[in-house]
Amino acid sequence: MSRLLSADFAKLKKNKFFWICMPGMFLFGIFTAVMHYIAMQQYGENEADITNILFIYALTVVFLIPAFVSLFVGTEYSDGTIRNKMIIGHTRAGIYLSDLIVCSVAGIGFCVSYIIGALLAALPLYTIDAGILEGVTKLVLCSFIMSVAFTALCILTAMLCQNKALTAVINILAACFLLVISLYVLNKLSEPEVYPGYSVMTDSGEVEVMENEPNPDYLRGTEREVYQFLNDFLPTGQAINITQRGAFSQSPGLLAAYSASIIIVSTGIGVFAFKKRDVK
Amino acid sequence: MDYILTARSLGKRYRNFKALDDFSIHVPKGAIYGFVGKNGAGKTTFIRLICGLQEPTDGSYMIYGIENTDPGISRCRRRMGAVVETPSIYLDMTAEDNLKEQYRIIGLPSFDSIPGLLRLVGLENTGKKKAKHFSLGMKQRLGIAIALAGNPDFLILDEPVNGLDPQGIIEVRELILKLNREKRITFLISSHILDELSRLATHYGFIDSGHMVKEMSAAELDAACRKCIRVQVSDIQALTRVLDKMALEYSICSDTMADIFAKINVTELALALAEQGCDIISLNEREESLESYYVNLIGGGNHHE
């Protein structure tokens, strides 16, 4: 497989989309860091917190990865070059895994590019508390595994669908669909358990104190567990959680475990189905 | 005879459609094997199977004596190259970059032989021009160069001259002949352009409706297509005696018919047969081209297409 990796990395080095996205993410990192700093200065709020902007890339790559994978793998089918690999005897599993590894590296590259841009702009402007470094590192690693899981799902579609345009449409629509589901799930999980009590002055001048009122939309029991599972399991849910510094997730370790299971299962299914697939 | 590729009772089914049915083939080493059949006959399906792009549903094939179910088939495939339907090239890369990519896929340690390979296919002056700007003929030659990258001794070309202009056809033909003569590469060329194929092939296989109808060498086909006089007589024994006496080459077709492969004096023959008490019922000149041979063989009709 080393030969396939060497060929695919050489192809990545010549890939235009990759070289547009890498500096694009770098500049986006600088832009968000600077804009957040300006906003903090303008509104005189608390000191700019780097964690507010450091993880925004997690949501961005949810759209970049499907587009990149569809184009990178789809070209193999549209130009017919995947046949060159098969004809000279490379195994289908090798071809699949090589594409997965190269696209995963590209996905992580997009994340790293943003982080470097954001850090370069933030370091002179923001005060960074050394105490947050461990948590930040965990979330960054978590985001890398999430991006690989997302890549694995996109590779599954791209390797099984031999039409480049259709692959791109399926992957991007699926990303949007999953994101909407994750936002809905997050919205449900964010419902407060009780509406806090408040006091009002009546027309007669009396102060009436309203008690805390339970929220009927608050999820409880198994229902909450299911929503929490979806929130932690779906790569888009993870992306939203990471962007919000893991506020609604159970633990970075659990997110990583879910991502790892997505990678293993989707790759297993993908390799099995790709072996059975007729290539034209 | 040494065969590079053989197939036995090979079948490929797409849902309810049988693309290949009880198909067999024998490609001798060093041959240019013309694989003839009309559109939809199953030529490309067979090529996809032997290239490992698809799996047969029945039967088996052997490449260099290794069965398709043997894990060693992958190693055998390293000794073959193929251009299936359209050339498999990265359109966004130059000819040289395409070859470098293929060299990496094969695992060749050095790119030193790339200029020679580009020269061989006549693409040495393409410079930084990307493959998407190439003519169809150039793309076809680049596809052949990629197939040649691993120094294969068996090359499969699916419709290599389809859509090419006359100059392109000549270039591809000369390249194939050169590679066959100089590098002893065995070719399997599928085509339905019979005139072009007849200028190249040393062996033929005729496929129809997913089934191999006939395999023969070019010499056998030449013999079958030779200019001859077909004569129908009342007594075939008398005819053979006369023809033997006149030292003419002939072949008996039936109880009353024979083909004479020589220029004959009709009067002399008629008198000689009359002496033997044999009547000439009919006599006509015949010449068959590969095309007419193919039409006669396949039947010319639409078979299950």
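This is a predicted model: local features need pLDDT of at least 70, side-chain atom pairs count only at pLDDT 80 or more; totals for chains, interfaces and linings use all residues.
What is the helix and strand content of the span? Residues 5–234 of chain B are 33% helix and 30% strand. The end C-alpha atoms of that span are 47 Å apart.

Now the domain assignment. Chain B splits into domain 1, residues 3–217, and domain 2, residues 228–286. Taken over C-alpha atoms, the centres of these two domains of chain B are 46 Å apart.

Next, the packing. The largest nonpolar core holds 133 residues. Which members touch the most others? They are A:Ile155, B:Leu142 and B:Ala145. Helix H7 of chain A gives the most to this core, with 14 residues. There is also a second, separate core of seven residues, and its members include B:Val231, B:Val233, B:Leu239 and B:Leu269.

Take B:Leu142 by itself. Leave out residues up to four places away in sequence. B:Leu142 then touches B:Pro87, B:Ile89, B:Ala95, B:Asn98, B:Val121, B:Leu123, B:Ala131 and B:Phe134.

Over to chain A, and helix H11. Helix H11 of chain A runs over residues 252–276, 25 residues in total. From first C-alpha to last, H11 of chain A reaches 36 Å, close to the 36 Å expected at 1.5 Å a residue. Which of its residues are buried? In H11 of chain A they are A:Pro252, A:Leu255, A:Tyr258, A:Ser259, A:Ile262, A:Ile263, A:Ser266 and A:Gly270. Look at the spacing with this in mind. An α-helix has 3.6 residues a turn, so residues three or four places apart point the same way. And what covers those buried residues? The cover includes chain A helices H6 (92–125), H7 (133–160), H9 (221–233) and H10 (235–243).

Last, two backbone angles in chain B. B:Asn151 has phi near 50 degrees, a positive value in a residue other than glycine. B:Asn151 sits in the loop between helix H5 (136–148) and strand S7 (154–158) of chain B. B:Ala247 also has a positive phi, near 55 degrees, and is not glycine. The loop holding B:Ala247 lies between helix H9 (236–245) and strand S12 (250–252) of chain B.

Are these two residues buried or exposed? B:Asn151 has 14 other C-beta atoms within 10 Å, so it is partly exposed. B:Ala247 has 7 within 10 Å, so it is exposed.

Conventions: Residues are numbered from 1 along each chain as its sequence is written. Chains are lettered from A and ligands numbered from 1 in the order in which they are written. Domain bounds come from an automatic or database domain assignment. Helices (H or I, at least four residues) and strands (E, at least two) are DSSP runs, numbered from the N terminus. The expected span of a helix is 1.5 Å times one less than its number of residues. A residue is buried if 20 or more other C-beta atoms lie within 10 Å of its own, exposed if 12 or fewer, and partly exposed in between; C-beta atoms are placed from the backbone. Two residues are in contact if their C-beta atoms, placed from the backbone, lie within 7 Å. A nonpolar core is a set of buried Ala, Val, Leu, Ile, Met, Phe, Trp, Tyr and Cys residues joined through C-beta atoms within 7 Å.
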